[in-house]
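Me: I have a structure open and want to go through a few points. Can you take my questions as they come?
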Amino acid sequence: MIKNISNLGDAALYCDFGEDVNKEVNSNVIKYFKNIKEKNFKGIINLTPSYNKLIISFDLKKVNFKEVKKIIENLDINEFKSESSKKIEIPVCCADFFSLDIKRLEKKLFLKKDKIYENFFNKEYFCYMTGFIAGMPFLGDLDKSMRINRLETPRVKVPKGSVGLTEQFANIYTFESPGGWNIIGNTPIEVFNSSKIDNPNLISPGDLVTFKQISLTDHKNYNE
Amino acid sequence: MNNCFDIIRAGTNTTFQDNGRNNLNHIGIPSSGVMDKRNYVLANSLVGNKIDFPVIEFAYQGPLVRYRGKKINFVITGDVMFKIIKKDYEINGNCYETYNIEDGDQIDIISTNKSVYGYFAISGEFNLNFQWGSCSINTTAKIGSNKGKKLQDSQKIEIININSIQIQKKLNYVNTRLEKIRVIKGTNFNYFSNEGKKIFFEKEFIISKLSDRMGMRLEGPNIENIVETNIRSEGLIKGVIQVTADGNPIIMLSDYGTIGGYPKIGVVISADYDKLVQLSPGSKCKFQEIELVDAENLFKLYEIETNNLISQTR
C-alpha cells in the first residue's frame, strides 16, 4: 500500500502512497496514520497525513531512519480495525456579506448563484486531512462543475469561519488567516477549540461532512 | 510576598518556550518550542533547573524587567548585550554567567549581537499555564501560556518555587557562527534544473527580513524549477527547505505550517538547526550537501558536545 519510503532529512520518514488523489488512496494513508498513532512506537513524535503522503517524524536521540523504516515496513495493517468515521453537519450562511467570492464563482464556473449553492449543499464530503492552520479540514470531492483555481492574489485576511473552495476541495478557515481559496460562505460553528485538550478538532481525517444552509439571522443567533 | 517580574518593556518577540508539544501535527499544530535548543538547556542547567523547564525566549531586542521578591539567580544565554540595574549602580552582564538579583533590581536585555535568539532563565519557575504538556507560545494559533500571545508591556510574570541555594556559575562558551548549513537532498530535488541544483549548493544566499519563528526566507540567484512550482499539499517539518514559485528558498522553523505545497529541495540536518536559527537578516549563508549517515553521526557529536557543556555547569 505504501509505494515508497524515503527519508525527509535525518529525522523523518516520507511515505508515498502513489500519485493519484482519491478516497481509496487517502483511506490507506489514514489507516496507516491511525494504526501507527495507536501503537505509540518509541521515538515517533509526529505524524502528518495528507492526500497521498504520510510524514513520520521521530526523535533522533532515540531512533533513526533505518529503525523506524523497518517498523513501518513490518506493520500488519490488516489487523487494524478502523473505527467508524463520524458524520458531521456544518451550518453555513451564504449571505452576500459572507459569500465573498460568489461573483467570481458565477463568472468562472458559468453557473448561476442558486445552482452553485445547490451543487455545494447537496453533497457529502470526506475529510482527507487537517492542517496548514490548526484544525483546518480539507474536504472532498466537490462536484466536477464546481472546481476552480485559487485566487490569483491571495487575501491577506480571510475571516474566521469562512468556507472556501479550490480544485476538488472545500475547507474551513478555523482562524483569521491569509489565504487564496474562493469563499462561498461562513459558519458560526467553532471548528477548532484549543481548550478541548483531547479533541480540539471538530473534524478529523476520515470523517464525513455535510453542509446545511442557514439564514443570516440563524448565523447571528447561533452562539447565543 | 509574591515573587514576580514587572515587564517595563516587552521587547520585539518575547515568549515563554520549552521543548514544545508533539503528536499534534495531524491537526495542524506544529511542535513550536525553543528555536535554539542548546542555548535553552544551558540556560536551565546554569541556574540549576531541570533542563526542560520553561524559559523566556527573546529575539533581537529583549525585555526590560523589574524584579520583586526574594533573592534569586538568573542567567542569559546566547550572544546578548544586557545590563543589571541595581539601586545605586549598573553592571554590564556576561552571557553564561549567573547573577543574583534582589527586590527592585532591573534587568535590561538590550539586544542580541549579530544573532537572533537569546534565553533568560531563573532559579525558580515561571507560573505558567501549559497546553498539551507545553508552555510554548505559538502566536499564530494562539496556543500556549500567556493565552498564546507574546509578552506585553506592563504585564506581570509570577514566579514560584524559588531555589534558595545561590551558587554563582560561569561557563566558558562562545556561540560559534556557521556560514555553511548542511543539507540532505529533499524529496523534490529533481524538480530543479542542473543549473538550479548547482546554484543551490554553490552560491550565497542572504537571510531576508521576512523571517520569524515560522520560517526563514532567503534571497539569492533564482533556483530554476523545470517540473512544477506547486506540489500536492503534504506534511512539513522544521528544517525543510521549500522553493517557492519566485525561485527563492524558504526554510521551515519551529512554528512551521504543518502542510505546504511547494517543492522541497532539501532539509537542514538536525545538528545544524540551532546555528541556522541564529542567522540574522542580512547575513549570508551557503548550503552544503551531506549524506544521511553523516548527518546522523554529526547529530551524535552535537549531542555529546551539548552534554559536555551541561556537565561543566554541574
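Me: How many residue pairs are in polar contact between chain A and chain B?
Reply: This is a predicted model. Between chain A and chain B there are 14 residue pairs in polar contact, counting pairs with both residues at pLDDT 80 or more.

Me: Which elements of chain A supply the side that touches chain B?
Reply: Strand 1 (4-7), strand 2 (12-16), helix 1 (23-39), strand 3 (44-49), strand 4 (53-58) and strand 6 (124-130) of chain A each supply at least two residues. Strand 3 of chain A gives the most, with six residues.

Me: And by class, what is on that side of chain A?
Reply: The side of chain A that touches chain B has 22 nonpolar, 15 polar and six charged residues.

Me: How many salt bridges cross the interface of chain A and chain B?
Reply: The rule finds three. One of them joins K61(A) to E303(B), with the closest N and O atoms 3.9 Å apart.

Me: What area do chain A and chain B bury between them?
Reply: About 3200 Å², with 60% of it on carbon and sulfur atoms. Of the area that chain A buries against chain B, 18% comes from L8(A), D10(A) and N46(A), more than from any other three residues.

Me: Switching topic. Why is strand 9 of chain A largely enclosed by the rest of the structure?
Reply: Because five of the five residues of strand 9 (residues 162-166) of chain A are buried. S162(A), G164(A) and T166(A) lie on one side, V163(A) and L165(A) on the other.

Me: Which strands does strand 9 of chain A pair with?
Reply: Four bridges join strand 9 to strand 12 (residues 182-186) of chain A, antiparallel, and G164(A) has I183(A) as its bridge partner there. Four bridges also join strand 9 to strand 10 (residues 169-172) of chain A, again antiparallel.

Notes:
Residues are numbered from 1 along each chain as its sequence is written. Chains are lettered from A and ligands numbered from 1 in the order in which they are written. This is a predicted model: local features need pLDDT of at least 70, side-chain atom pairs count only at pLDDT 80 or more; totals for chains, interfaces and linings use all residues. Side-chain values use heavy atoms; hydrogens and water are left out. Buried means under 20% relative accessible area, exposed over 50%, partly exposed in between (1.4 Å probe, protein chains only). Two strands pair if DSSP finds at least two bridges between them. Buried area is the accessible area (1.4 Å probe) that two parts lose on being put together, summed over both. A salt bridge is a side-chain nitrogen of Lys or Arg within 4 Å of a carboxyl oxygen of Asp or Glu. A polar contact is a pair of N or O atoms within 3.5 Å; within protein, one must be able to donate a hydrogen and the other to accept it, and residues adjacent in sequence count only if both atoms are side-chain atoms. Ala, Val, Leu, Ile, Met, Phe, Trp, Tyr, Cys and Pro count as nonpolar, Asp, Glu, Lys and Arg as charged, and the others, Gly among them, as polar.
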